[in-house]
Amino acid sequence: MSRNSRQTVQTVTIARWRFALAVLLLAVLMAALLWHVALLQVVPGEDKGFEFLQGQGDARTVRTEVIPAHRGVITDRKGEPLAVSTPLVSLWANPSELKSDAVEVAALAEALDVSEVGLRKKLERYQHKEFVYLKRNMPPQKAENILANRWSGVYGRTEYQRFYPAGEVTSHLVGFTNIDERGQEGIELAYNDWLSGHSGSKRVLKDRKGRVIKDDGQLKAPEAGKDIHLSIDLRLQYLAYRELKQAVAENQASSGSLVMLDVKTGEVLAMVNQPSYNPNDRTGIKVSALRNRAITDQFEPGSTMKPLTVLAALESGRYHPHTMIDTSPGYIRVGKKTLLDPVNYGVIDLTKVITKSSQVGISKVALDLEPDVVRNMFYRLGFGQGTGVGFPGEGVGVLPSRSRWSDIERANFAFGYGMSATALQLAQAYGVVANYGVKKPVSLLRLSDDKKSDLSADELGDQVVTSQISHDVVDMLKTVMGSTGTARKAQIEAYPAAGKTGTVHKVGKEGYVYNRYRSVFAGMAPADNPRIVVVVNIEDPSSGKYHGGEVAAPVFSKVAEGALRLMHVPPEVNHQEKAKVASEPKNHREPLS
């Protein structure tokens with residue numbers, strides 16, 4: 001056996017302290033590694049610790065998205081929708097992510113049905129932004145088809161668009177919103193805060209291309225806007241709109257308005273205007289067509305104020321319905337102006353002054369009263385002040401108050417000149433007469449059934465004049481509808497009615513214009529127990545007819561009769577024969593106020 005094969009294996013002995021040192025070093029390294037990992041993922045508050053890293057990760061993947069809330073619904077008194085919000089999809093882009101090559105932009109423009117040049121300019125203009133609308137309020141199916149192409153940087157979001165089922169029939173009252181669903185006109189503007197909802201939010205996880213891969217749940221629930229129930233009845237609104245539109249067209253008038261009030265509650269049952277507009281398509285709309293003339297436009301109401309002057313005369317105690325007044329010789333000189341009747345009516349009673357709309361008779365009554373008596377009555381009836389409906393742009397009219405009145409001012413005032421009012425104010429005043437002297441607050445909102453059945457003392461209204469005086473004036477107004485009155489065409493076949501005509505010269509740049517007129521009618525039905533008051537105002541009729549009894553009165557007749565039938569008010573059978581006699585042709589026209 002060789003010497004090399006017989007070498008002895010020697011064992012190297014490591015000192016214990018060295019082994020312990022090596023183990024300790026390995027343990028320290030492991031602990032340091034674990035500590036570093038802990039700093040990154042567990043321990044808060046360290047620079048670039050887990051909070052920093054998690055925040056950086058979330059910033060690239062976690063997003064908070066808005067959950068839109070729909071706007072409140074506007075309905076008529078029976079729940080028929082007048083304004084609703086429809087969910088649509090708006091497409092937007094992040095210009096920094098969207099590829100700018102010509103092929104992709106051209107394809108996107110074609111899908112959006114927009115100009116390629118216009119789209120390219122928009123993307124260039126917003127190239128340093130992260131958000132730009134491509135097209136808003138698209139039908140969901142069409143938007144989904146575009147998003148299915150998965151173009152980089154193109155996204156969709158749910159938004160709501162306002163839709164108005166009744167279109168132009170309710171446009172002036174309901175109004176409209178802009179593209180962001182903020183009220184711009186009408187009830188939409190007046191009650192914008194009430195109707196507006198509050199958006200919610202949710203957290204989502206998105207991939208690098210912005211696609212949602214996980215929904216982490218809702219952070220805040222959306223709050224829908226509150227609904228509004230208007231006082232109008234859509235059936236009556238359609239009826240009034242149809243008749244007013246036809247009358248304006250037939251008489252070649254420039255404009256018109258109509259207001260219908262519920263006598264017992266003060267609610268507006270119908271309010272229409274001409275010309276109108278379609279709130280669903282406002283392209284090419286004229287600004288003049290936007291305003292609600294029944295509430296905003298102020299005009300001299302003319303002879304429709306004569307019965308209200310008679311209210312003041314009866315209240316003074318110096319007159320009663322059969323007080324005789326000498327109107328001979330058919331005219332009266334007041335200051336430098338001569339006031340005329342169509343013919344010399346001679347000695348007539350106060351009732352016939354209203355029946356014939358005698359200018360001379362009402363002027364003598366007004367001049368016999370204290371100067372402020374008539375003015376104060378008009379104010380108590382609601383003229384010269386807001387009605388309280390809260391409608392944007394409501395006119396309050398002009399009701400002069402003077403320390404000294406000239407005779408001609410007092411006379412003019414008595415038959416509706418030298419003052420101005422809105423159609424709604426005139427309807428409210430006639431509502432007082434129809435409601436036995438009680439003035440009701442006018443409301444564009446539906447009063448709840450509880451409120452109708454359990455009215456407090458304040459809500460019952462103010463007793464402006466006594467019920468007896470109001471009853472006397474209603475009896476006078478009935479005669480205006482008869483065969484010798486000025487409103488024969490306002491008579492209703494199945495119901496007794498009462499009202500007053502007004503034919504007014506319009507004001508031009510240099511004073512009153514002799515060939516421009518305003519035709520007005522204010523009335524109530526059924527006269528024996530009034531349920532509704534209707535005021536019709538038609539501006540600039542130019543077809544040859546211009547008297548209130550010829551132009552505005554027929555509109556009242558058709559609207560009031562149709563409304564009472566829709567309201568299920570039973571007709572008076574005995575009245576039909578009287579109405580037939582009253583409708584026999586008579587050559588009578590009211591004097592120009």
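A polar contact is a pair of N or O atoms within 3.5 Å; within protein, one must be able to donate a hydrogen and the other to accept it, and residues adjacent in sequence count only if both atoms are side-chain atoms.

## Basis

This is a predicted model, in which local features need pLDDT of at least 70 and side-chain atom pairs count only at pLDDT 80 or more, while totals for chains, interfaces and linings use all residues. Residues are numbered from 1 along each chain as its sequence is written, and side-chain values use heavy atoms, with hydrogens and water left out.

## T355

T355 is placed in helix 12, residues 350-355. Helices (H or I, at least four residues) and strands (E, at least two) are DSSP runs, numbered from the N terminus. The side chains of T355 and T479 make a polar contact of 2.5 Å.

Contact means heavy atoms within 4.5 Å. Apart from neighbours within four places in sequence, T355 is in contact with T479, V480, T484, G485 and T486. T355 counts as buried because its relative accessibility is 5%; buried means under 20% relative accessible area, exposed over 50%, and partly exposed in between (1.4 Å probe, protein chains only).

Five strands form an open sheet in the order 10-9-19-18-17, with antiparallel pairing. Strand 10 (268-274) and strand 17 (498-508) are the edge strands, each pairing on one side only. Two strands pair if DSSP finds at least two bridges between them. Strand 9 (residues 255-262) is joined to strand 10 by six bridges, and the two run antiparallel. V259 stands opposite M271 in strand 10.

Helix 20 (residues 553-566) lies across strand 9, strand 18 (511-525) and strand 19 (532-539), running at about 150 degrees to strand 19. Axes are lines fitted to C-alpha atoms, for helices over the stretch in contact, and angles run from 0 to 180 degrees between N-to-C directions.
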